[in-house]
Amino acid sequence: MHFVAVIIASDVRTQIRSSTFSFSPRDMMSSGNDCKPQTLTKPALGEKEVMELVDKVFGLQVSWIRPLPSYDDQNFHVRVSRNKGGAEGADEYVLKITNSEDSQEPDLIEVQTQAMMFLSAEGFPSATPYLTKDGNIMSLESGDTGPGDKKYMVRLLTYLPGVPVAKIATNAQILYEIGKLAAGLDKALSEKFHHPSVKSLHRGQFIWNLANVPLLDQYIYALGQNKYREVVEQVIEQFKGKVIPKLSSFRACINHGDLNDHNILVDSSSASLENPQYRVSGILDFGDMSYGYYVFEVAIAIMYMMIESTDPLSVGGHVLAGFESVVPLTEEERGALFLLVSGRFSQSLVIAAHTALLYPENKEYLMITAKTGWKHLMTMFEVGQEAVEKTWFETAEAYTNRAPAQQMGGC
């Protein structure tokens with residue numbers, strides 16, 4: 001992997017280059033983004049230029065435009081005017097102008113976008129691209145800002161309704177639905193999605209693939225010498241000894257890889273304030289897609305759903321129950337779940353700490369938003385794998401006898 005992934009609003013990212021791989025760290029614990037832009041790669045088009053770009057590339061007249069937060073890409077929420085007799089369809093879109101680094105990997109962007117289109121056709125709430133005037137799903141455009149002749153990949157995606165999961169008080173019902181979604185999404189991609197460039201998803205050294213937790217060794221110095229580092233070192237060593245040797249026994253699939261609480265949109269499907277029912281209305285950010293394993297996706301979803309929860313250790317059982325309603329895990333996969341969730345916490349926290357060293361002006365912000373993650377990881381290790389798994393598995397087991405709607409309550 002030589003270039004950073006596509007990002008969305010909640011992510012704090014930067015690029016860290018080494019001789020073997022690059023990645024874009026994000027503070028997964030954040031609910032906002034105030035990091036400074038990657039001035040060398042991030043597009044910096046003004047609103048007038050963006051309006052002209054939409055007209056030039058897509059043949060649409062912008063009537064309203066609003067910038068959306070992003071770290072190394074540029075995103076805009078746009079509304080277009082429809083002329084009489086003009087094309088029918090949605091009036092609101094998200095214009096994504098990909099940074100100049102990622103734009104040099106058109107195969108990866110292509111397969112990510114095609115996957116979104118495929119999932120939408122399969123009934124998943126995924127955005128789809130509005131075609132360019134030439135009938136393409138994206139267009140490489142020159143940028144007029146900054147030094148050099150930079151080119152940016154431009155896409156216009158349908159605007160999805162809903163609010164991020166991070167903005168609601170999660171309950172068992174939506175956690176179950178998110179688990180079910182995670183499994184269904186991976187299953188559909190792995191069994192039915194075909195594309196000539198799908199091999200580009202074999203991103204062997206991509207830091208955000210859960211198989212690559214051992215790569216954190218070279219960045220762990222950023223934690224200094226403290227109790228946090230000791231726990232992360234335990235995670236890495238146990239991961240090397242107990243997870244890596246078992247990877248060949250896990251069932252492989254294509255992972256979305258970033259089903260965090262800002263990448264899943266929901267809306268309320270009931271009027272009850274005391275007992276709200278939610279449905280997933282949008283799946284965002286396919287930039288971290290890669291080949292992995294089914295158990296990776298459920299571990300990632302559990303970790304992110306724990307972040308905002310008032311009862312984080314209970315979350316895993318509800319997400320797991322939803323996932324296993326579609327893809328039951330094997331005993332070996334279940335046995336790795338604790339370390340996989342811990343591994344994802346470690347990835348997020350180590351990379352956030354490393355980012356804070358690179359961008360000291362953002363250290364206070366990064367450390368504040370990481371506190372929740374550290375708290376949850378430390379709690380997992382204090383309670384212990386056996387007790388945490390007992391909670392998860394017993395909760396999931398209860399779903400075989402009761403419907404998820406009966407498992408209500410704040411989580």
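Is N212 buried or exposed? At 8% relative accessibility, N212 counts as buried. The cut-off here is under 20%. One note before going on: this is a predicted model.

Where does N212 sit? It lies in the loop between α3 and α4. What does N212 touch, leaving aside its neighbours within four places in sequence? The contacts are R203, G204, Q205, F206, I207 and Q347.

Next, the sheets. Take the five-stranded one. It is open, and its strands run in the order β3-β4-β5-β7-β6. The pairing is antiparallel. At the edges are β3, residues 61-68, and β6, residues 139-142. Each of these two pairs on one side only. From one strand to the next, the twist averages 30°.

A helix lies against this sheet. That is α1, residues 47-58. It packs on the sheet and touches β3, β4, β5, β6 and β7. The direction of α1 makes about 125° with that of β3.

Now the pairings within that sheet. β3 and β4 run antiparallel, joined by seven bridges. In this pair, W64 has R79 of β4 as its bridge partner. On to β4, residues 74-81, and β5, residues 92-97. These two are also antiparallel, over six bridges. Here Q74 partners I97 in β5. F76 stands opposite L95, again in β5. How much of β4 is covered? Mostly covered is the answer: six of its eight residues are buried.

The other sheet has three strands. It is open too, with the order β8-β10-β11 and antiparallel pairing. β8, residues 163-164, and β11, residues 278-283, stand at the edges. Each has a single partner strand, so one side of each is left without a neighbour in the sheet. β10 covers residues 264-268, and five bridges join it to β11. V266 stands opposite V280 in β11. Helix α3 packs on this sheet, touching β10 and β11. The α3 direction makes about 40° with that of β11.

How many does the structure hold? There are 12 salt bridges. I will go through some of them.

First example: K187 and E191. Their side chains meet at 3.3 Å, N to O. Both residues lie in α3, residues 172-192, and they are four residues apart, about one turn of the helix. As for accessibility, K187 is partly exposed, with a relative accessible area of 30%. E191 is partly exposed as well, at 47%.

E394 and K390 meet in a salt bridge at 2.9 Å, N to O. Both sit in α9, residues 385-398, four residues apart, about one turn of the helix. E394 is partly exposed, with a relative accessible area of 47%.

There is also a network. D217, E237 and K240 are linked by salt bridges.

Now for a pair of another kind: R251 and E333. The side chains meet in a salt bridge at 2.6 Å, N to O. This pair links distant parts of the chain, 82 residues apart. R251 is in the loop between α4 and β9, while E333 is in helix α7. Which end is buried, and which is partly exposed? R251 is partly exposed, with a relative accessible area of 30%. E333 counts as buried, at 0% relative accessibility.

That brings us to α7 itself, residues 331-358. Of its 28 residues, 23 are buried, so the helix is largely enclosed by the rest of the structure. Does its length match what a helix should give, or depart from it? At 1.5 Å a residue, the 28 residues should span 40 Å. The end C-alpha atoms are 41 Å apart, which agrees.

To close, back to the opening residue. N212 is buried, and its contacts include Q347.

Terms used: Residues are numbered from 1 along each chain as its sequence is written. This is a predicted model: local features need pLDDT of at least 70, side-chain atom pairs count only at pLDDT 80 or more; totals for chains, interfaces and linings use all residues. Side-chain values use heavy atoms; hydrogens and water are left out. A salt bridge is a side-chain nitrogen of Lys or Arg within 4 Å of a carboxyl oxygen of Asp or Glu. Buried means under 20% relative accessible area, exposed over 50%, partly exposed in between (1.4 Å probe, protein chains only). The expected span of a helix is 1.5 Å times one less than its number of residues. Two strands pair if DSSP finds at least two bridges between them. Contact means heavy atoms within 4.5 Å. Axes are lines fitted to C-alpha atoms, for helices over the stretch in contact, and angles run from 0 to 180 degrees between N-to-C directions.
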